[in-house]
Amino acid sequence: MSELTKGYHRFRANRWPSEHAEYEALAANGQKPHTLVVACSDSRADPALIFDTAPGELFVVRNVANLVPPYEPDGKLHGVSAALEFGVNVLKVRHVVVMGHASCGGVNAMLNGAPANCQDFVAPWVEQAAPSVRRAVQALPDDQVECAAEEAVVRLSLDNLRTFPWIAEKEAAGELKLSGLHFGIALGILSKLTGPGRFERLD
């Protein structure tokens, strides 16, 4: 806890004095985030830092490899789908973003298999996207495989978002926008999906 406690003390000393009124308003009035972000759990790709947002602006769902499974209301436990349902239908976000990133361990597991000590949950989780990823990188040179695979997961998650009827309906009505992004960790650069198979740098 020592590192977390130090961070908390920095927060109280450096940020709380100027931001406490904002937190008090959020506590009193509830949250009204404009965007729901599906991002990877990777500690190097934090949406709040990348988008320089204030508390209350983003509703963030993080998991291994920023995956959105397809719509399956089968009574089982679906954490990502539950967050989507709450964000879209209750919080009324206007934008859903899927953000992948470079050097993603989850995507690597889709290509090469999950680590031997991650077979209970990680292996079946990443396997749902592995066929799509492997198709996307067929015949590509080795130096293009990693990025192409990461981008393929973003596209798959966007496709799966559209299997949720209340997301598809709101998108068709112009009430909800879906976007795909890829974050390059080393250079700090975001690229946006602008067409089938094409990501372009955001400047």
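A disulfide is a pair of cysteine sulfur atoms within 2.5 Å. The legends below describe close-up views of a predicted model.

**View 1. Cysteines without disulfides.** By the rule above, the model has zero disulfides. The cysteine sulfur closest to that of Cys104 belongs to Cys40, and at 4.1 Å it is too far for a bond. Cys104 has a relative accessibility of 5% and therefore counts as buried. For Cys147, the closest cysteine sulfur is that of Cys104, at a distance of 12 Å, which is also too far for a bond. Cys147 counts as partly exposed, because its relative accessibility is 33%.

**View 2. The buried residues of helix 4.** Helix 4 spans residues 105–112, and its buried residues are Gly106, Val107, Ala109 and Met110. These residues lie on the same side of helix 4, because they cover an arc of only 155 degrees around the axis. The buried residues pack against three elements: helix 5 (122–127), helix 6 (130–136) and helix 7 (142–161). Just after helix 4, Gly113 adopts a positive phi of about 95 degrees.

**View 3. The crossing of helix 4 and helix 7.** Two packed helices are described by the angle between their axes and the distance between the axes. The axes of helix 4 and helix 7 cross at roughly 105 degrees and come within 10 Å. Helix 4 is therefore roughly perpendicular to helix 7. On the side of helix 4, the contact involves Val107, Met110 and Leu111. Their partners in helix 7 are Val145, Ala149, Glu150 and Val153. The residues of this contact comprise six nonpolar, no polar and one charged.

**View 4. Asn66, a residue with positive phi.** Most residues other than glycine have a negative phi. Asn66, by contrast, has a positive phi, near 45 degrees. Asn66 is located in the loop that runs between strand 2 (58–63) and helix 3 (79–90). With a relative accessibility of 2%, Asn66 counts as buried.

View 5. Ser103 is a residue other than glycine with a positive phi, near 55 degrees. Ser103 is found in the loop between strand 3 (95–101) and helix 4. Its relative accessibility of 38% places Ser103 among the partly exposed residues.

How values were computed
Residues numbered from 1 in each chain as written. Predicted model: local features only at pLDDT ≥ 70, side-chain atom pairs only at ≥ 80, totals over all residues. Heavy atoms only, no water. Buried < 20%, exposed > 50% of the residue type's maximum accessible area, 1.4 Å probe, protein only. Helix = DSSP H or I, 4+ residues; strand = E, 2+ residues; numbered from the N terminus. Arc of directions from axis to C-beta. Contact = heavy atoms within 4.5 Å. Axes fitted to C-alpha atoms, helices over the stretch in contact; angles between N-to-C directions. Parallel < 35°, antiparallel > 145°, perpendicular 65-115°, else oblique. Nonpolar A, V, L, I, M, F, W, Y, C, P; charged D, E, K, R; others polar.
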